[in-house]
Amino acid sequence: MSLFWRIFSLNAAVLTVAALVLLFAPVTVSTTARLAEALIILAGTAVTLVANAVMLRVGLAPLARLTRVMTTIDLLKPGIRLVARGQGEIAALITAFNSMLERLETERASSAGRALSAQEAERHRIAQELHDEIGQTLTAVLLDLKRVSKAAPETTRDQLLAVQESTRNALDEIRRIARRLRPGVLDELGLASALRALAGEFTTAGMSVRRQVGSELPVLPKDVELVVYRVAQESLTNAARHSAAQHVDLVLSHKKDELQLCVRDDGRGLRGAAEGAGIRGMRERALLIGAGLTVESGTTGGTSVRLRVPT
């Protein structure tokens with residue numbers, strides 16, 4: 001039965017019952033309605049309207065559920081589906097909505113994968129140019145400054161040494177940026193070594209990173225290793241920039257056919273703030289490898305980022 005005929009039949013049933021009550025009930029209405037008769041008519045009208053409202057509410061309840069899901073759906077949290085309750089057009093509408101969600105999640109995952117692949121390729125190109133071109137140029141400048149400072153008079157030698165030190169600091173910063181853009185240690189030594197190096201890089205005077213990397217990790221594809229590394233990198237970056245954390249625990253373990261990465265800090269927590277581009281980027285990366293990502297804030301502060309990768 002279509003939605004039109006369902007609503008029509010509900011209204012027709014209510015009006016038919018009201019007409020039968022007027023025909024066979026011992027109720028009459030004078031030419032000039034008396035107070036008691038007017039009250040009876042008003043009460044009957046109210047009962048008719050309430051009954052009609054209740055029946056329509058029951059009949060259109062699946063549409064209300066569908067509306068609530070449509071207003072809260074998030075493609076970065078897939079798997080939410082509605083049970084196709086109801087009959088006729090309502091069940092068909094819910095089924096079509098579920099199919100649309102399936103297509104949208106598949107298309108988003110595919111487009112996000114292409115975008116992230118292009119982003120990683122561009123990161124690799126920029127990191128290589130920074131390391132090969134600018135790094136070599138600054139290295140040559142350092143050697144020239146060293147040679148010139150030896151032959152320079154005492155009055156300018158201190159200035160040349162200061163310039164030499166500034167150039168060396170710039171070279172170190174460029175190498176650090178290149179490593180963050182494309183971690184060479186990940187390709188050369190694997191995920192465990194890359195995470196240890198990452199924890200050491202973020203350990204500063206204001207924040208210490210305590211790492212715990214399991215010794216019996218499974219062999220992972222390159223794309224899975226890169227996603228795990230990027231999630232850990234983004235989590236540590238958020239802890240250093242936004243949480244004012246003093247201690248961060250980075251744990252990588254393998255349990256029951258599942259690789260788990262947990263990054264937990266003792267900072268100020270999320271405090272009800274909306275998810276930013278960093279967290280949404282982590283969710284997109286997790287979807288690419290079929291992993292689950294949860295970001296939680298403790299009752300006493302701190303943030304926990306947990307990535308579960310099926311192996």
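**A leucine on a helix, and its setting**

Guide: Leu-39 is found in helix α2, which covers residues 35-59. The model shown here is a predicted one. In this model Leu-39 is exposed, because its relative accessible area is 51% and the term applies to values over 50%. Leu-39 also belongs to a nonpolar patch on the surface, which it forms with Leu-35 and Leu-42. Together, these three residues have about 350 Å² of accessible area.

Of the 311 residues in the chain, buried ones make up 31%. The protein chain contains nine helices and five strands. Read from the N terminus, these elements follow the order α-α-α-α-α-α-α-β-α-β-β-α-β-β.

The overall dimensions can be described in two ways. The C-alpha trace spans about 125 × 45 × 35 Å along its principal axes. The radius of gyration of the protein chain is 34 Å, whereas a compact globule of 311 residues would have one near 19 Å. As for contacts with a separation of 6 or more, 66% of them are between residues 24 or more positions apart.

Ser-149 lies in helix α4, which comprises residues 89-151. Ser-149 is buried, because its relative accessible area is 6% and the limit for that term is under 20%. Setting aside neighbours within four places in sequence, Ser-149 is in contact with Arg-157, Leu-160, Leu-161 and Gln-164.

A further buried residue is found in a strand. Gln-260 is part of strand β3, residues 258-265, and its relative accessibility of 16% is why it counts as buried. When residues up to four places away in sequence are not counted, Gln-260 touches Val-251, Leu-252 and Ser-253, as well as Arg-306, Leu-307 and Arg-308. Gln-260 and Leu-293 are 33 residues apart in sequence, and their C-alpha atoms are 10 Å apart in space.

Helix α8 shows burial at the level of an element. Of its 20 residues, 14 are buried, so α8 is largely enclosed by the rest of the structure. The helix runs over residues 222-241, and at 1.5 Å a residue it should span 28 Å. Its end C-alpha atoms are 28 Å apart, which agrees with that expectation.

The loop between α8 and β2 holds Ala-244. Ala-244 is exposed, as its relative accessible area of 53% shows. Its backbone deserves attention too: phi of Ala-244 is near 55 degrees, a positive value in a residue other than glycine. Most residues other than glycine have a negative phi.

Lys-256 also has a positive phi, of about 50 degrees, although it is not a glycine. This lysine is placed in the loop between β2 and β3. Lys-256 counts as exposed because its relative accessibility is 84%.

Terms used. Residues are numbered from 1 along each chain as its sequence is written. This is a predicted model: local features need pLDDT of at least 70, side-chain atom pairs count only at pLDDT 80 or more; totals for chains, interfaces and linings use all residues. Side-chain values use heavy atoms; hydrogens and water are left out. Patches are made of residues with over 30% relative accessible area and no salt bridge: like charges are joined within 9 Å, nonpolar side chains (Val, Leu, Ile, Met, Phe, Trp, Tyr) within 5 Å. Accessible areas come from the Shrake-Rupley method with a 1.4 Å probe; for residues, only the protein chains shown count as cover. A salt bridge is a side-chain nitrogen of Lys or Arg within 4 Å of a carboxyl oxygen of Asp or Glu. Helices (H or I, at least four residues) and strands (E, at least two) are DSSP runs, numbered from the N terminus. Buried means under 20% relative accessible area, exposed over 50%, partly exposed in between (1.4 Å probe, protein chains only). The radius of gyration is taken over C-alpha atoms; the globule rule is 2.2 Å times the number of residues to the power 0.38. Contact means heavy atoms within 4.5 Å. The expected span of a helix is 1.5 Å times one less than its number of residues.
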